[in-house]
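Colleague: Hi! Could you walk me through this model when you have a minute?
Modeller: Happy to, let me bring it up.

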Amino acid sequence: MITSIHGTLVATSPLLAVIETGGLGYDVHIPVTTAEKLPATGAQVKLHTLAVYREDAQTLYGFATVEERDFFRLLIDNVTGVGPKGALTIMSKLSLSLLESAIRAGDIATLANCPGIGKKTAERLVVELKSKLGAPAAGESISSGSSAQAGTTPFDSKQHDAVMALMALGYKATDADQAVRRAALALGGRMTTEALVKKALNG
């Protein structure tokens, strides 16, 4: 089982990274949320991977974190009608922390905003994954101002809280999530929830 790949990033697009290592170049399919975090071409990069084998193809999927890779595996192994392509689409639209919050809170509307994911598939995400992610903390809701769940990193928690703040200002969940991800990339490691919100609002 290939669990990670470490090498030189030689080419990239929103849904693909080409990584060269050991004299070989590997096509690694990635979600947009991972593509956003990639370094410039020519730099060293490590992605956490899952190889999916089909009769007519062997495909390698890569993610910035172990948690994202494991969530991808949960999607394709447990949700009826969601294959690798659909799972990448879902994870390209929303950050992991917002996806998990929406599933825990049973927020069908937010999940259904993902391209190609209708209400029925969003309902299946909740029904088939909620028990595997655990119940929401007391009072937790995707539309509330609660903080991220225990177990998320401080970085994810700040992003999650910033998304909640933008939603309180009237942003749609998907728009708020994308704005905060852009803000996080612009700010790098020097961020607070307040800085993320300010950057997201100002562009």
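Colleague: Which residues does A173 touch, not counting those up to four places away in sequence?
Modeller: A173 touches L98, T110, V163 and M167, where contact means heavy atoms within 4.5 Å. Bear in mind that this is a predicted model: local features need pLDDT of at least 70, side-chain atom pairs count only at pLDDT 80 or more, and totals for chains, interfaces and linings use all residues. Residues are numbered from 1 along each chain as its sequence is written, and side-chain values use heavy atoms, with hydrogens and water left out.

Colleague: Is A173 buried or exposed?
Modeller: A173 counts as buried because its relative accessibility is 7%. Buried is under 20% relative accessible area, exposed is over 50%, and partly exposed is in between, with a 1.4 Å probe and protein chains only.

Colleague: And where does A173 sit?
Modeller: In helix α8. Helices (H or I, at least four residues) and strands (E, at least two) are DSSP runs, numbered from the N terminus. Between A173 and A102 there are 9.7 Å in space, C-alpha to C-alpha, and they are 71 residues apart in sequence.

Colleague: A102 is in which list of buried residues?
Modeller: That of α4, which includes L96, L98, L99, A102 and I103. Nine of the ten residues of α4 (residues 96-105) are buried, so this helix is largely enclosed by the rest of the structure. Just after α4, G106 has a positive phi of about 70°.

Colleague: Back to α8, how far does it reach?
Modeller: From first C-alpha to last, the 15 residues of α8 reach 21 Å, close to the 21 Å expected at 1.5 Å a residue. The expected span is 1.5 Å times one less than the number of residues. After α8 comes G188, with a positive phi near 65°.

Colleague: How do α8 and α9 cross?
Modeller: Their axes come within 8 Å and cross at roughly 110°, with α8 covering residues 173-187 and α9 residues 193-202. Axes are lines fitted to C-alpha atoms, for helices over the stretch in contact, and angles run from 0 to 180 degrees between N-to-C directions. The two helices α8 and α9 are therefore roughly perpendicular to each other, the word used for 65 to 115 degrees; under 35 is roughly parallel, over 145 roughly antiparallel, and the rest oblique.

Colleague: Which residues of α8 and α9 meet?
Modeller: A179, V180, A183, A184, A186 and L187 in α8 meet A195, L196, K199 and A200 in α9. By class, this contact has nine nonpolar residues, no polar ones and one charged. Ala, Val, Leu, Ile, Met, Phe, Trp, Tyr, Cys and Pro count as nonpolar, Asp, Glu, Lys and Arg as charged, and the others, Gly among them, as polar.

Colleague: What about the largest nonpolar core, which members touch the most others?
Modeller: F71, F72, L75 and L111, out of 44 residues. The largest share of this core, seven residues, comes from α8. A nonpolar core is a set of buried Ala, Val, Leu, Ile, Met, Phe, Trp, Tyr and Cys residues joined through side-chain atoms within 4.5 Å.

Colleague: New topic: where is T59?
Modeller: T59 is in strand β5 (residues 57-63). With a relative accessible area of 18%, T59 is buried. Leaving aside neighbours within four places in sequence, T59 is in contact with H29, L50, A51 and V52.

Colleague: Last one: how many helices and strands does the protein chain have?
Modeller: Nine helices and five strands.
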